[in-house]
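Dear colleague,

I am handing over the structure below, together with some notes on what turned up in it. Please read the notes with the structure open beside them.

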Amino acid sequence: MMRLRLKRVFSVILAGLLLSLPIVGLSAGAAGETVLSVGKSYTLKYDSEIDGAYPAKAYEPESSLTDGVFAARAAASDPAYLRLYRGTAVIVTIDLEAVCAVSSVEVSSLQSGGGIVCPRYVHVAVSEDGESFGTVGTLEDPNSVTNNQARSIKHKVELDQTYRARYVRVTFSSDVHTYIDEISVYGSTDASGAAAAKADAPVEDRGFGPQIDGIGNVVLMYTVGNYTEDQLLPYLLYQDTDGNFADTMFDAMLFLPSGTSNYDYTVAEGWEKYLADMLGATSKNNLTALNSVVGKHSEELGGKKYPVFLSVPFLAPGNKDINGVTPNNLENRFQIIQAFIDRMVDAFNASGFDNLELKGLYWHEELVQYTLSNYEEELIKQFNEYAHGKGLKTIWIPYFGAPGAERAVELGFDCATLQSGYAFGRDASVVAEIGESTPKAVEDSAAEAKKYGLGMEFELDVGRTDFLDRYYKYVHTGYKTGCMDGHMMMLYQSVAGIYGCAKSPKASGQRQVYDMTYLYIKGKFTSYPPEIAPKQYIVAAAGGRSSGKLEVADPDTIRGTLKTAETNIPEGLPFVVEGDGFYVLNAGSVTPGSYEVSFSVTDGYNVSAMETVKILLYDPEDAGIALNLSGEVTAYTRLDPSANTVTIPAGAATARWLENGWYHVTAEVNGKKVSGFAEATALGLSDTPSGSGDPGSDELSGTEETSDSDGFPGWAIGVIAGGVVLLAAAAGLIVALTKKGKHNSTKKAD
């Protein structure tokens, strides 16, 4: 009986121990496998950096992916899930702290509705040193993402053998919201029998997307705009500020439906209505108007047919017949798309567009809709193959971080361009969720485009007050990254946006957009760094406030955009300078003397060299050097004869010596102060006033000189001064001898 009781007690204890084990111990790999990753540190980064486009979703370092805690339920509210956002793919590198034998890796995630999408693929690479990685396993799952039923998905990548690894890199897709609760690395701490992974070859950027048959820029023309000949002309030919058409403009146009067009592509009538609007035969606009205006300006356009791209609307799966075909599978959806392509090409050819060339087709969907079916990529590939079979090129414009954007080349597009979305505003609710887009979004988008062989899309929204600054960011980035040099750019505009810019007044921001776009198209755009003029001097009275403007130049700077980049100001000197050179000096309690300040400025893209400005603060009671100018003197705005000039008129003037033979000259003309910098020879003064080695020194203060030649010559003054010094020395010697004699007499008396 006692033995039975002890056995029961032991069973209860054993059961309790088993129940107390962490969940990871129960999730279990093959026999002999151990979870190596629990409690280990890792780094996480996005393939497409999101902190510029979606700053509120930027990743903050944490440790939940290897804490051994799985979600208790398949719900977004479960705190075990790490919530990740877009970024194309997420790369997690786990440090196992010692070389182990790794046999499999599992990624646990949530699949649900509302944009919460589990990974479509998982790639595993390993490394012993953290530098050289070799891919050892991959898993593709196109099916799970098409089911919106909330459930936990575990993607386990079984390796073909165990591999030696201290570092395990796990890469998985992140289409919208990606919820991961745990990444488990299985294997053994004994790596003696494991294989070394072969290092992957270095992956280089593909470079920006190529031009298409010499077409390097395409402007988007939304058919809801009903473009007239007058509106189309500034797109074809560059119109200068005098109204003359001086050069060609865009290489090609893309006609497409806008989001406000309300074409219903679930019925045949919707496709026909879109096609009719695009052709524009009835209203004499769009393609009909373009054909006419190209014919009228054939000579300026080089006598060639003008290339156009036409849009093929996206057809989602559905159960409503379109011309007797139900788009509920790959074959039927492609059949409907193919029929529309044939219909569109035939209609274009029948319209008598003698001055236009149908160059290609645009896939009108900004992402690969992986959640709609497991064959979305195949549908796109068939579209591209069919268009190519008809001698047409294909283009695409996905957004930054769009699912599938990184596979544009593999999908068969001749060129795709990536949109960053930086041009557009976000309402308060969106900003609260993902943050306001920053200029870095354009840089990140360009980097992603260059990595995967895409071009750039420029975006223009003239409805924003800061539209010029935002548009300039696109143009400058295209220039700086090299996209401008022989690669593809497509330009999004609001309806007739560029036309409005061309017709705007010369000094307006919209006109600057038009001119800037022209320079970019022609490869002539450039960006100069700001320059601060050298040898500048500020002369002001101590004890007061002074202000002015230093010389700062930037030939391509948008007004008001220069900002101070760096300053070096002596402690205690209340000096402030702005990017455009405007300065304020509050010298109320500053000691008279000479000072130096240094600063640099930036236009937001380039930074000037640091330049030093010297300051002379003089005692306001110091009269300076009084001059009686017999004639006017040409002075300069700084200590440089190549600087702008200032005329100091004849008459009374004041000069203060600065350095190297330069003086600051001030005169009053009709109650107005005129000042500039002049060399000693122009003023009849010495290069360095006697006894003065420092601007504003006491020995200089109060000295008076005139430009007249009357008075003692300089050598006579020197002789007299020398005699005075000798007399003073002799007198001193006599006094000293007298004192010594008295002292000796007293001592003897004692």
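**Strand pairing and aromatic contacts**

Strand β23 and strand β26, the latter covering residues 593–602, pair in the antiparallel sense over five bridges, and within this pairing K563 stands opposite T602 in β26. Please keep in mind that this is a predicted model.

Both strands belong to an open sheet of four strands, which has the order β20-β27-β26-β23 and mixed pairing. The edge strands are β20 (536–541) and β23 (563–568), each of which pairs on one side only, and neighbouring strands of the sheet are turned by 30 degrees against each other on average, with direction ignored. As background, strands of a sheet pair through backbone hydrogen bonds, and they may do so in parallel or antiparallel fashion.

Turning to the aromatic residues, a search of the whole structure finds 29 aromatic pairs. In one of them, the rings of W396 and F413 have their centres 5.0 Å apart and their planes at 15 degrees, and because planes under 30 degrees apart count as stacked, this pair is stacked. The pair links distant parts of the chain, since W396 lies in strand β15 (residues 393–396) and F413 in the loop between α8 (408–411) and β16 (415–418), 17 residues apart; both W396 and F413 are buried.

Elsewhere, ring pairs link Y263, Y265, W271, Y274 and F340 into a cluster.

Finally, there are charges placed over rings: the charged end of R120 sits over the ring of Y370, 3.7 Å from its centre, while R169 lies over the face of F133, at 3.8 Å from the ring centre.

Terms used
Residues are numbered from 1 along each chain as its sequence is written. This is a predicted model: local features need pLDDT of at least 70, side-chain atom pairs count only at pLDDT 80 or more; totals for chains, interfaces and linings use all residues. Side-chain values use heavy atoms; hydrogens and water are left out. Two strands pair if DSSP finds at least two bridges between them. Helices (H or I, at least four residues) and strands (E, at least two) are DSSP runs, numbered from the N terminus. Axes are lines fitted to C-alpha atoms, for helices over the stretch in contact, and angles run from 0 to 180 degrees between N-to-C directions. Rings of Phe, Tyr and Trp (its six-membered ring) pair if their centres lie within 6.5 Å; planes under 30 degrees apart count as stacked, over 60 as edge-to-face and the rest as tilted. Buried means under 20% relative accessible area, exposed over 50%, partly exposed in between (1.4 Å probe, protein chains only). A charge sits over a ring if NZ of Lys or CZ of Arg is within 6 Å of the ring centre and within 35 degrees of the ring normal.
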